[in-house]
Amino acid sequence: MTALNDEARVIEAGRPPTRFARGWHCLGLADAFKDGEPHEIEAFGTKLVVFQGQEDGALHVLNAYCPHMGGNLAHGTVKGDAVACPFHDWRWSGDGRCAGIPYARRVPPRARTRSCTTLERNRQLFVWHDPEGNPPPPEVIVPEIAGVHGPEAGQWSDWNWKTLRVEGSHCREIVDNVVDMAHFYYVHYAFPEYFKNVFEGHVATQYMESSPRGDMELGTLSSGMLRSDASYYGPSYMIDHLYSDVGGGLEMEIVLINCHYPIDADSFVLQYGAIVKRLPGMTDEQAAEAAAATAEGATVGFEQDVEIWRNKTRIDNPLLTEEDGPVYQLRRWYEQFYVDVADVKDEMVQRFEFEIDTQRATTAWRAEVDENLARRAAAETETGAP
């Protein structure tokens with residue numbers, strides 16, 4: 001017995017990084033911050049305030065705590081292009097400079113707070129985070145989605161957007177799903193019939209074709225074949241182009257966003273949303289309903305993921321089979337966002353491709369589903385259920 005225990009695999013749980021990933025992070029739909037009020041965001045181990053200038057119309061993001069006496073600017077008031085602290089009315093402009101102190105003769109020369117570089121794209125608000133304090137390089141810019149910015153944007157629905165707070169898990173848990181073919185069957189109830197990964201530079205892509213399990217009713221976005229081309233652009237923002245077979249020779253085109261930002265080392269905010277391209281003859285209302293159904297389907301899927309994350313341990317040395325996909329290669333790609341730019345290695349950014357042979361897995365899974373359906377039919381016959 002001792003010898004067997006000596007050979008047992010010991011899980012190396014490790015510790016999550018103490019720094020937060022370098023890159024663009026989506027805080028949500030931009031319009032949600034354009035109501036004239038300051039908004040509090042808990043992120044990157046602190047709190048931020050988001051506000052829209054009354055004159056410049058731009059969204060600004062600052063450290064939420066006033067450098068004067070520590071008041072929370074998110075509980076203050078927007079005045080002109082500044083946010084005023086509720087404690088002593090010190091006013092802070094979008095660039096972090098103190099714009100005025102009504103009761104003081106002069107503004108201290110060092111009166112400045114931390115401001116974040118922002119980007120509005122795809123009708124969403126992004127902030128740039130870099131522990132080294134460098135500006136964002138142009139090659140890592142968030143791509144524009146044609147359904148939002150392109151000439152066909154009018155043919156697409158508005159965003160249907162969801163937010164979910166995840167406690168007790170590092171952001172790496174959700175990124176691991178990029179290569180995890182098997183969990184789509186066990187957690188999301190789909191047959192992954194084609195599965196390939198490509199990593200290059202700051203982009204990690206998953207190509208998948210799937211069909212739903214016939215013995216389950218929840219967790220799929222489509223009742224027929226579903227094709228998914230999903231890419232992380234940086235550490236936290238995924239654009240997933242989905243093509244769903246809706247019958248009659250028609251294919252519905254969907255864009256699903258899967259994004260997150262860290263709260264602290266062991267929790268994050270997960271956000272996701274969908275837009276749908278109208279099919280011929282589809283009204284705006286029907287397109288909105290389709291987007292809502294897609295977002296609801298994603299909600300089911302992400303809640304299934306979260307249930308796993310809440311009850312699993314961190315594992316830095318997973319024991320893998322070939323069908324588990326390139327987990328270690330993905331994590332090497334992901335590591336580039338947690339080291340200084342000077343320490344990014346070629347192996348983190350060089351092109352890597354891996355296609356999983358799904359035939360053996362899907363054959364076994366289809367046999368299991370057939371057995372489940374046969375057992376269910378026999379039970380219904382025995383009980384006389386319809």
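Which residue in strand 4 does Val 49 stand opposite? Val 49 faces Leu 62 of that strand, and the views below place this pair in its setting. The model is predicted: local features need pLDDT of at least 70, side-chain atom pairs count only at pLDDT 80 or more, and totals for chains, interfaces and linings use all residues. Residues are numbered from 1 along each chain as its sequence is written, and side-chain values use heavy atoms, with hydrogens and water left out.

View 1. The strands follow the order 2-3-4 and pair in the antiparallel sense. Strands here are DSSP runs of E with at least two residues, and helices are runs of H or I with at least four, each numbered from the N terminus; two strands pair if DSSP finds at least two bridges between them. Strand 2 (39–43) and strand 4 (59–63) are the edge strands, each pairing on one side only. From one strand to the next the twist averages 30° (axes are lines fitted to C-alpha atoms, for helices over the stretch in contact; angles run from 0 to 180 degrees between N-to-C directions). Strand 3 (residues 46–52) is joined to strand 4 by five antiparallel bridges.

View 2. The order is 11-17-16-15-14-13-12-18, with antiparallel pairing. Its edges are strand 11 (160–167) and strand 18 (352–356), each of which pairs on one side only. The twist averages 15° from one strand to the next. Helix 8 (residues 359–383) packs on this sheet, touching strand 12 (190–200) and strand 13 (203–212), where contact means heavy atoms within 4.5 Å. The direction of helix 8 makes about 150° with that of strand 12.

**View 3. The pairing of strand 11 with strand 17.** Strand 11 and strand 17 (residues 267–276) run antiparallel and share eight bridges. Within this pairing, Leu 164 has Leu 270 of strand 17 as its bridge partner.

View 4. A cavity is a set of points, on a 1 Å grid over the protein atoms alone, where a 1.4 Å probe fits but cannot get out; lining residues have an atom within 4 Å of a point. There are two cavities of 30 Å³ or more.

Conventions:
1 Å grid on protein atoms, 1.4 Å probe; cavity = no way out; pocket = protein on both sides within 12 Å on 5 of 7 lines; lining within 4 Å. Points joined across faces, edges and corners; volume = space filled by probe spheres on them.
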